[in-house]
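User: Hi! Could you help me understand the words used to describe a protein model?

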Amino acid sequence: MLGAVKAHATGGQKSVFECYLSEVERTGLLREVGDILDLEEDRFFLIRLDPRSRVRTLGRAVPVADPDFFYVG
């Protein structure tokens, strides 16, 4: 499951990932995670954040090193 989410993520810290998804990408990610999720062991939360909110960090922030493009497929 981790690989499925990491393919869509920008940055991330341990098991929390920030993803910018279109509606089609969101639907595909939910389908992919649903196929591999172990309902007895795993938990998966997809939370839509308010885009008007400020980002607040604790500690030292590490700049995200995003590639020029993402390949999913």
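Analyst: Happy to; below we set some values against their definitions.
This is a predicted model, where local features need pLDDT of at least 70, side-chain atom pairs count only at pLDDT 80 or more, and totals for chains, interfaces and linings use all residues. Residues are numbered from 1 along each chain as its sequence is written, and side-chain values use heavy atoms, with hydrogens and water left out.

User: Why is Phe45 called exposed?

Analyst: The labels rest on relative accessible area: buried is under 20%, exposed is over 50%, and partly exposed is in between (1.4 Å probe, protein chains only). Phe45 has 68%, so Phe45 is exposed.

User: And what makes Gly34 partly exposed?

Analyst: Gly34 has a relative accessible area of 48%, so Gly34 falls in the middle class. Its place is in helix α2; helices are DSSP runs of H or I with at least four residues, numbered from the N terminus.

User: How do you know that Arg26 and Glu23 form a salt bridge?

Analyst: A salt bridge needs a side-chain nitrogen of Lys or Arg within 4 Å of a carboxyl oxygen of Asp or Glu. For Arg26 and Glu23 the closest N and O atoms are 2.9 Å apart, so the pair qualifies. Both lie in helix α2, three residues apart, about one turn of the helix.

Definitions and conventions
Helices (H or I, at least four residues) and strands (E, at least two) are DSSP runs, numbered from the N terminus.
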